[in-house]
Structures are given as C-alpha cells and as structure tokens.
Amino acid sequence: MSDTQTLIDNRPPSVAALFIDRVAATPDGEAYRYPVPSASGTGPDDWKSLSWGQASERVYAIAAGLIALGVRPEERVALSSATRVEWILIDLGVMCAGAATTTIYPSTNAEESAFILADSESRILIAENAEQLAKARETRTDLPNLAHVVVIDPAGVEPADDDPEGWIITLAELEAQGAELLAKTPDAVTERVAAITADQLATLIYTSGTTGRPKGVRLPHDNWSYMAKATVSTGLINADDVQYLWLPLAHVFGKVLTSGQIEVGHVTAVDGRIDKIIENLPVVQPTYMAAVPRIFEKVYNGVASKARAGGGAKYKIFQWAAGVAREYAKVSQDNFRRTGKASVPFALGAKHKVADALVFSKIREAFGGRLRACVSGSAALAPDIGYFFAGAGVHILEGYGLTETSAASFVNPGEAYRTGTVGKPLPGTEVRIADDGEILLRGPGVMEGYHNLPDKTEEVLESDGWIHTGDIGELSVDGYLRITDRKKDLIKTSGGKYVAPAEVEGQFKAVCPFVSNILVHGADRNFCTALIALDGPTLLGWAAENGLEGKSYAEVVAAPQTVELIDGYVKRLNEGLQRWQTIKKFRLLPRDLDVEHGELTPSLKLKRPVVEREYRGLIDEMYAGSREA
C-alpha cells in the first residue's frame, strides 16, 4: 500500500479531531490573518493574526456556547455571512459541538433563506449583521424551529417589540456563555469531538442551482476528513504556504480550502471583499490562492485595457507578448508531457525573456510577487486565457468537483499541469465515462444524499456509490480529464448538429477583451446566436477614447461603433469554429449580468434559463424572419 493511500485510509473521523491535533502540534504557529479597518477609517486596513492556540480558544468557546444553548449532535446551525475569519471559527465551533453547519449566502433573499432554514430544521442562525437578522425577523413566523439568532457584528441591531426574549444574542455573548460552561466542565467540547463518527452529518450545503428550489447536499464528517488528507497528499500545498482566501465560504469550493489548511498547518489570510482583491494581493503576498474563472478573465481584460489605453505601441507590445505567452506555455507543456522537461527552443525562450521584462513580471507583481500557483474551479477557464497566464508565470491549476462530491474530485498535478484539462482524480476517487459521455465518480468525497429528497438522490446516486455528475467529458490515456460541457446544456440545432455552448463561450472570452458574460443560444434553431454582456470598466475606458466619453454603460452599449467593435470579435471567433457552431447574430445587453438580479450564482456561474427568460425578446428578435420563426 502506498504512503498516500495509508494516509487517506488512516484519516480521523472528523476535521474537528484534525483541528485538535493541529492545535496540539503547532499551538503558537500562525493560523489566520484578517483585516481590521484602520483607526482613521480612510487608510489601508491593518492585518491581525491568530495563532492556532488563539483560534482554538475561540472555537472551543463557540462550541461550548452552542452546547449551552442546547444544540445536540447533528442538529443544524445555519451560518449566513460573507467570508471572514469568524466564518471559519464558527464553522469549526459547530463541528466541534458535533452539530452540522447549514450554509447560506449573504446575498440570498429572505424567502429563499427562510426555505433553507425551514428545510434544514436549523435550531440556531448565526447572522453576520443587521441585514441578515432582518431576513430572519421578516420570516420568523414560518420558522418554529429557530430558537436563537446569534449576530456576529451587532452594529445597528436594535431590539424589536415582537422579538421573543433571548431570541437574539451576540457572538461575543455566545462565546462568554461557552467560556462559563468550559470553566465548569473543561471536557465539554473534547468529549463531543471524541464522540463524532465518520458518518455523522457535518455540513448541509444548499446548491445555488440554475433552476428551481435549491437542494440540501448532506456531507458527513468523513467527506471533509478525506478532503483534508487527499488534497494535501497531492503535494500542492505545504506548511510554508500563505493562502489568500476570498471565495464564498458558503460555497463548497471555498469550504474545502479550510480543511487542507488544518491538515498542513499553513497560514490563511481571510477577506471576502471582492473589491479588495487587487489591493490585498501585494499586502498578503500569497503563495497560492483559489479563484473562479471570472476573476482571471477580469485580470486579463484589465491588463489588455490598460495596454490599449497606453497607446497603439503599448497595445501592440501587449498583443505580441500575449502571443508569446501562449506559444511558450503550449510548447513547454507539450515537451513536459513527452520528455518530463518543460523546455522550449532557444528562439522562443529569448522572445519570452523580453516579453517577461516588458509585461509578465508586472502581472506577477500584481499578484503579490510570490504566487506559486492558483487553483481555478467552479466553471471552465477558457484555455487561451489559461495559456496566457501560464506563459506569464502565473500557473493556473484547474480542478473539478461538485457540491455533491465535497468540491475537489480532480486537480491538475503541479508542474505536470495541462491547461484545458482539470487534471487527475484525487487519490481514492474513481472515475469512469458513461456511454453517453457523462462523467461518473465514486469515492469518500461523495455526498450521503439530498436532504429530505430520497427520489432526487436516487436520480443521481447509484446503489454501488457511483454519482452522475451531469457533466460531459473525456479522459486521456494517462488519466487527465477534460470537461466538454454540462449534459443538460448541450444544444442540438434544428439541423441535427450538437453544439457545446460553454466551449464557444470560452473561446469568445479569450478573443474579446471586452466581454464579461456571454450566452450562446441555438437549441432547435437553424443557427446559433449570442447574448453578450460587456465588462463595464474596460468598455468605458475604450468609450472615453472613441468619442463616447461621459456616456452611461447602456448608452455606450447601444452606440453603433460599440456594436461594430464587438462584431469584429464575433467574426474572429467564427473563423475558428465549425459552420454549425458559428454565431450568426448577437445582441449586446443593456447591463452586465449579476448575482443580485439572479442571473449568476454566488460562484458566478451563468443561470441560462434565467437569462434566456429575461431576454426572450432579444432572442426572438434575432430569429425573426428565419425559417423556424
């Protein structure tokens, strides 16, 4: 048996047990960094640290506070908060109490929040602030099981006349109650942790989904214990790393990053404010971070826009350097695949050295200067954007998994990564491709099932443990997986040709530096069309140089010269597509797609049915007069 398999097979029953071991091993080691607004409120944030020992004091106090409130093993404690260090401490506290965390995105509206709280039968809600508390108050009569709301940041929280006595307490008060219990019963938390079994429910994550009500995915403690051991066994992270964690922790991708950190013991800098990413990177100087493709697309578009704003010569240099980066990445990866060495011909290496001095080094500095690798997941990254960053020395390792498989099922293996693939399965995870191309997975990361939905569980989870992912993919001879599309998103034209929208959309994102989101449509139609949303800052920067300065986003989008600009990129896209894949018509949307309007999930995935329904008029307009209209 290999050392890796031994490591995984001998995993503890829970991450709570893993956390206790980590604290015992490195109590004084730095665990977390988090920002605190400057005293003046105008300067840069101050960053504070927590050692593993300090973190454990708060985790134990939270766990004991929950026990004092009567929370029993496997009972649900809901957590509605943005990504912040308290999220991690609370989640660990819930697990150490033997309870289960129900995650809720802070952007979730009151109605859907109430559905999640009711369906999960959550006893406690831990709400970030007055805004999250207000949602629970609005729907309290529909939540008979909700005994308490614990508020993390009590600023602006005022008592209401109809609040039941003791219904609202602060996180500080919860921790104080926990400290009192621990003073009387020092072993209250460790006894709960010792009693946790591997099959006990740890987390209930409701899929944001693209259609219908979200489904609660039941993930036992063993899922996270396996993830901790399996992700570390890949060698991608080590004890000296500094992780920058900004992803939504209510999402399984963000959550899995906390498990591996506890196993290896490195530092994690936590700040979920997306608008602070660019500012934080040079301060945190991470060695690795995870992100969704939209972040890399925005960085790429921003670099291209800045080069364009610098004048024709600078933009030509950027375009040349981008071409060098892609060629360099493709050649070096191909050579590594064949020979085990990432070598390139001398002439290409010389060009790359010049491009590095002019362009690439600045990109790496923007990421903090120490970045060894980024992990990208949640959606497909356009290969050309991946090759650009690879050639620039920002190595993006794509991974793959589902909420139903605890996030990480595949990841690219370090130096041997291959752009355009999601890498190889984690140790202990099995994969096979069904006759129709669907990816099936089996392993310790697979969910127990959907909460209260046995019929839905049977639809995707076979009795022998294989789960149907709903994704279409291909496996290389040496085990690298390439995702081609969602099974349900594949479209068939009226001419009988199949089109993978995500593939076409990804190619357009690599071609057009102005695009933010694109939806390709064409099911049962005789040609494909696209709805295109443009990136606001990039577009308005271009507009200022092209006679449209001072115009609003909607006005710029409607301008003939903007339509002509994007038409040029659509034509360039079509040159590389099969005839039946080409975009015959497109429409520019009057605003970008976003989470607030329900068009994107909190992890920034496109909700196709929502967008198609909202812009049905534009779609019908594009097909007006065609034979099937």
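**Exercise 1.** Which side chain meets that of Arg608 in a salt bridge?

*Before you start.* This is a predicted model: local features need pLDDT of at least 70, side-chain atom pairs count only at pLDDT 80 or more, and totals for chains, interfaces and linings use all residues. Residues are numbered from 1 along each chain as its sequence is written, and side-chain values use heavy atoms, with hydrogens and water left out.

*Solution.* 
- Start with the rule: a salt bridge is a side-chain nitrogen of Lys or Arg within 4 Å of a carboxyl oxygen of Asp or Glu.
- The partner is Glu505, at 2.7 Å from N to O.
- Now place the two: Arg608 sits in helix H21 (residues 608–614) and Glu505 in helix H17 (residues 501–511), 103 residues apart. Helices here are DSSP runs (H or I, at least four residues), strands are runs of E (at least two), and both are numbered from the N terminus.
- Arg608 and Glu505 are both buried. Buried means under 20% relative accessible area, exposed over 50%, and partly exposed in between (1.4 Å probe, protein chains only).

**Exercise 2.** Find what Asp91 and Lys255 tie together.

*Solution.* 
- Their side chains form a salt bridge of 2.5 Å, N to O.
- Asp91 belongs to helix H4 (residues 85–96) and Lys255 to helix H10 (residues 252–264), so the pair ties together parts 164 residues apart in sequence.
- Check the burial: Asp91 counts as buried because its relative accessibility is 3%, and Lys255 does so at 1%.

**Exercise 3.** Work out how strand S12 (residues 288–291) is placed.

*Solution.* 
- Look at the side chains: Tyr288 and Ala290 point one way, Met289 and Ala291 the other, and all are buried.
- Next, the neighbours. Strand S10 (residues 242–245) runs parallel to S12, joined by two bridges; strand S13 (residues 373–376) also pairs with S12 in the parallel sense, over four bridges. Strands count as paired if DSSP finds at least two bridges between them.
- Finish with Met289: Tyr244 stands opposite Met289, and in S13 the bridge partner of Met289 is Cys374.
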